[in-house]
Amino acid sequence: MHPALLLGDPATAGIVVGALALILMGAAWHKFSEPSAFLSALAGYRLVPEVLLGAVARSVPVLEAMLSLGLLVPGTRTAALGGAAALIAAYAGAMASNLL
């Protein structure tokens, strides 16, 4: 279903998309500002092979920042929404796998 159908009012849709962009940029900023803390947290999940840990830890905040910016550009918004949904689903899966 297209986001505009769910959020018929353009102002409401803009607020929701803007909020998601802020959340993603805030998450990226936090990881960029404390890379060693994020690396430790990522290692604690034990989902990424150790040889790839550094590359993944550097890539995740870049991906979050790119998706955040993509949400703000109308031409890339739909793809960025899909990417953000996939990223959030991956985060949920990582958390769930460590709780079970």
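Predicted model: local features only at pLDDT ≥ 70, side-chain atom pairs only at ≥ 80, totals over all residues.
Student: How many helices and strands does the chain have?

Tutor: Read along the sequence, the pattern is α-α-α-α-α. The count for the chain is therefore, with helices and strands taken as DSSP runs, as follows. There are 5 helices and 0 strands.

Student: What percentage of the residues of the chain count as buried?

Tutor: The C-alpha trace spans about 45 × 30 × 15 Å along its principal axes. The accessible surface comes to about 6600 Å², with 75% of that belonging to carbon and sulfur atoms. A residue is buried when its relative accessible area is under 20%. Of the 100 residues, the share that counts as buried is 23%.

Student: Which element gives the most to the lining of the largest pocket?

Tutor: The largest pocket has a volume of about 380 Å³ and is lined by 14 residues. Elements that give two or more residues to this lining are α3 (35–45), α4 (50–72) and α5 (77–99). With 5 residues, the element that gives the most is α5.

Student: Among contacts between residues at least 6 apart in sequence, what percentage join residues at least 24 apart?

Tutor: A contact here means heavy atoms within 4.5 Å. Among contacts in the chain between residues at least 6 apart, the share joining residues at least 24 apart is 61%.

How values were computed:
Residues numbered from 1 in each chain as written. Heavy atoms only, no water. 1 Å grid on protein atoms, 1.4 Å probe; cavity = no way out; pocket = protein on both sides within 12 Å on 5 of 7 lines; lining within 4 Å. Points joined across faces, edges and corners; volume = space filled by probe spheres on them. Helix = DSSP H or I, 4+ residues; strand = E, 2+ residues; numbered from the N terminus. Buried < 20%, exposed > 50% of the residue type's maximum accessible area, 1.4 Å probe, protein only. Areas by Shrake-Rupley, 256 points an atom, 1.4 Å probe, with all protein chains shown as cover.
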